[in-house]
Amino acid sequence: MDFNFNPEDEAFRQQFRQWLDANLPENERIEPLDLVFEESEESWPRRLEWHRKLHAGGWVGINWPKEYGGRNATVLQQIIYEQELQRAHAPALISVGTLMVGPTLIRWGTEEQKQRYIPKILSGEEIWCQGYSEPNSGSDLASLQTRAVEEGDYFVVNGSKIWTSDARHADMCILLVRTDSNAPKHKGISYLLVDMHSPGVTVRPLVQMTGASGFNQIFFEDVKVPKANLVGEKNRGWEVALTTLMYERSGIGLQRDFVALARDLASLARMVTRNGRPAWEDDAVRQRIAQFACEAAAIKYVALRQLTRQLRGEQPGSENSSTKLFATELTVRMYAYAWELLGPYAPIVHDTPHAIDRGKWSYRMLAARSLTIGGGTSEIQRNILGDRVLGLPRG
Ligand SMILES: Cc1cc2nc3c(=O)[nH]c(=O)nc-3n(C[C@H](O)[C@H](O)[C@H](O)COP(=O)(O)OP(=O)(O)OC[C@H]3O[C@@H](n4cnc5c(N)ncnc54)[C@H](O)[C@@H]3O)c2cc1C
């Protein structure tokens with residue numbers, strides 16, 4: 001592993017850092033590590049404005065080809081981009097369109113679809129959501145039941161999607177539908193681009209245990225979708241869906257600095273008391289936090305090994321599942337320990353009187369569980385590790 005960036009990459013870092021310093025005023029920066037707060041509805045206008053500012057500066061979709069408005073950024077430059085956004089405490093990105101839909105359309109879309117949708121994804125004029133999961137199809141996504149039937153120039157869609165992030169703000173949805181109920185389950189699925197303002201689309205927000213409502217359930221009742229909005233071939237949408245998932249997984253928060261999170265936990269231990277003294281003075285507390293920091297460092301190096309493989313053009317190894325599993329489970333354990341340190345103060349709602357450290361730990365604790373579910377649950381990651389890495393027999 002070589003931990004140094006070459007001069008070209010360092011120049012890229014400086015260029016972006018200078019742009020951020022000039023374009024992100026102090027009062028628009030968020031609390032470090034608090035991207036979880038950014039899911040709240042109140043933060044949406046700020047995120048949208050930030051997206052548009054990034055776009056005006058040419059800093060959206062940096063990994064896209066230049067001909068589609070990107071910068072052809074390398075994997076390392078994408079990492080530098082993430083690092084600099086974190087360093088600057090920038091608001092969370094609006095990512096379904098740029099991370100998943102754009103690259104999928106570049107790979108599979110018709111020329112008309114590319115012309116029609118791609119510029120507005122970059123500019124943030126059209127917001128996208130991902131209609132994959134259903135009430136009875138999550139981990140086993142290919143069992144999905146939302147149906148689309150051909151009628152003249154349209155598909156007519158009926159069914160429901162759930163856990164759809166940002167659907168309330170979305171203008172468009174990438175939608176997986178069943179177009180052949182008799183075919184084996186992976187072979188009867190099609191991939192549609194659906195206008196969320198179409199008659200028959202209803203979006204119902206779902207309140208999470210944090211009180212935020214970033215998720216939604218979408219209902220489709222006789223929604224007419226032009227056939228021109230089919231991506232790839234009819235009944236072969238699973239291949240297109242996998243492309244989207246590949247881009248989604250490549251972007252799931254493993255760039256996050258878990259060592260910094262352990263450091264933040266250490267600051268909390270200095271704020272709260274145990275037996276009348278700062279908790280940090282208790283050996284057992286320090287040992288526990290040091291243990292978290294060691295695990296966080298181990299995750300960081302496994303993720304770097306994964307990156308090295310990627311840079312060498314090798315197939316991703318088991319590291320993808322192991323970093324996702326261990327990083328998200330470690331996060332939950334760190335937040336649970338913060339609760340232990342906070343004792344009776346733990347449940348106090350964030351940003352209210354008497355809350356310690358703005359009450360951010362209670363919010364984080366409630367929000368963190370979702371990390372172990374989205375992008376493939378911990379159980380599914382364990383199945384992958386058991387099956388493909390350890391070669392265990394299937395039960
Ligand atoms: C933060 C977040 C954002 C999301 N955003 C979106 C979005 O924008 N669009 C979208 O379509 N979906 C989204 N989802 C949904 C997500 O993809 C699903 O929650 C996930 O795939 C799990 O599906 P499920 O919730 O239906 O759980 P299920 O699949 O029903 O699983 C229930 C439980 O059973 C376990 N389980 C299931 N199958 C197995 C198995 N084979 N072996 C062992 N255990 C098993 C699971 O691990 C879990 O504990 C989001 C989820 C989260 C948390």
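The model is predicted, and local features need pLDDT of at least 70, side-chain atom pairs count only at pLDDT 80 or more, and totals for chains, interfaces and linings use all residues. Residues are numbered from 1 along each chain as its sequence is written.

Arginine 147 counts as partly exposed because it has 16 C-beta neighbours inside 10 Å; with C-beta atoms placed from the backbone, a residue is buried if 20 or more other C-beta atoms lie within 10 Å of its own, exposed if 12 or fewer, and partly exposed in between. Leaving aside neighbours within four places in sequence, arginine 147 is in contact with Asn158, Gly159, Val177 and Arg178, contact being taken as C-beta atoms, placed from the backbone, that lie within 7 Å.

Next, colour the chain by domain, with bounds that come from an automatic or database domain assignment: domain 1 (7-93), domain 2 (128-240) and domain 3 (252-389). The centres of domain 1 and domain 3, taken over C-alpha atoms, are separated by 23 Å.

Now select Trp128, Ala170, Cys173, Leu176, Leu192 and Val194, which touch the most other members of the largest nonpolar core, a set of 51 residues. Strand 4 (residues 172-178) gives the most to this core, with six residues, and at least three residues are drawn from each of domain 1 and domain 2. Such a core is a set of buried Ala, Val, Leu, Ile, Met, Phe, Trp, Tyr and Cys residues joined through C-beta atoms within 7 Å. Apart from this core lies another, of 24 residues, among them Ala279, Ile289, Ile299 and Ala368.

Move on to helix 8 (residues 283-311), whose 29 residues reach 42 Å from the first C-alpha to the last, close to the 42 Å expected at 1.5 Å a residue; the expected span is 1.5 Å times one less than the number of residues. The buried residues of helix 8 are Val285, Ile289, Phe292, Ala296, Ile299 and Ala303. Helix 8 is followed by glycine 313, whose phi is positive, near 80°.

From there, go to the loop between helix 9 (319-342) and helix 10 (360-368), where aspartate 357 lies and where arginine 358 is also found. Phi is positive in aspartate 357, near 55°, and positive in arginine 358, near 60°, each a residue other than glycine. Aspartate 357 is partly exposed, with 16 other C-beta atoms within 10 Å, and arginine 358 counts as partly exposed with 14 C-beta neighbours inside 10 Å.

Finish at the ligand, which 17 residues surround, the closest being Tyr132, Gly138, Ser139, Gly374 and Thr377; a residue is near a molecule or strand if its C-beta atom, placed from the backbone, lies within 6 Å of it. The elements that give two or more residues to this shell are strand 1 (128-131) and helix 11 (378-389). Domain 2 and domain 3 both give residues to the shell, so the ligand lies between them.

How values were computed:
Helix = DSSP H or I, 4+ residues; strand = E, 2+ residues; numbered from the N terminus. Contact = placed C-beta atoms within 7 Å.
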